[in-house]
Amino acid sequence: MTQDETIMTKIQKVEDTLNESMYKLDVLKKRLKTKLLTMETREELESKLEEIQEVLVKNEEKLKSLRKQNTKSFMVAASMIFACFLLYGLYVLFYGTI
């Protein structure tokens with residue numbers, strides 16, 4: 001990922017990857033339920049299933065950290081807005097003119 005990307009675009013990319021992985025996971029689970037698979041094919045599908053589950057866990061952790069970072073950014077912005085309104089209120093209180 002480049003430096004120019006915002007937290008929201010990073011979150012969107014991770015969510016897209018999660019959705020794609022969830023779809024692959026569902027497809028693999030459905031294929032594994034069929035009884036017409038050979039042992040080799042079944043083992044191959046199970047290994048792919050484990051890989052996808054690992055990717056899902058990593059992306060979920062990444063998404064949690066990005067959302068936490070997004071919350072911190074929001075709190076900083078909200079604090080700055082609050083400080084501006086507070087300073088404006090104090091200015092109006094002491095000088096009485098707008």
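These notebook entries record what I looked up in the structure.

**Basis.** I note that this is a predicted model, in which local features need pLDDT of at least 70, side-chain atom pairs count only at pLDDT 80 or more, and totals for chains, interfaces and linings use all residues. Residues are numbered from 1 along each chain as its sequence is written, and side-chain values use heavy atoms, with hydrogens and water left out.

**Annotated regions.** I found a "coiled-coil region" over residues 11-69 in the unreviewed UniProt entry; such annotations may be inferred rather than shown by experiment. This stretch is 92% helix and 0% strand, and its end C-alpha atoms are 10 Å apart. Helices are DSSP runs (H or I, at least four residues), and strands are E runs of at least two. Residues 74-94 are 100% helix and 0% strand, with the end C-alpha atoms 30 Å apart.

**Salt bridges.** I looked up the salt bridges (a side-chain nitrogen of Lys or Arg within 4 Å of a carboxyl oxygen of Asp or Glu) and found four. One of them joins Arg67 and Glu15, with the closest N and O atoms 2.5 Å apart. This pair links distant parts of the chain, as Arg67 is in helix H2 and Glu15 in helix H1 (residues 7-33), 52 residues apart. Another joins Lys48 to Glu44, at 3.7 Å between the closest N and O atoms. Because Lys48 and Glu44 are four residues apart in helix H2, about one helical turn separates them. I also noted a salt bridge between the side chains of Glu5 and Lys13 (2.4 Å, N to O).
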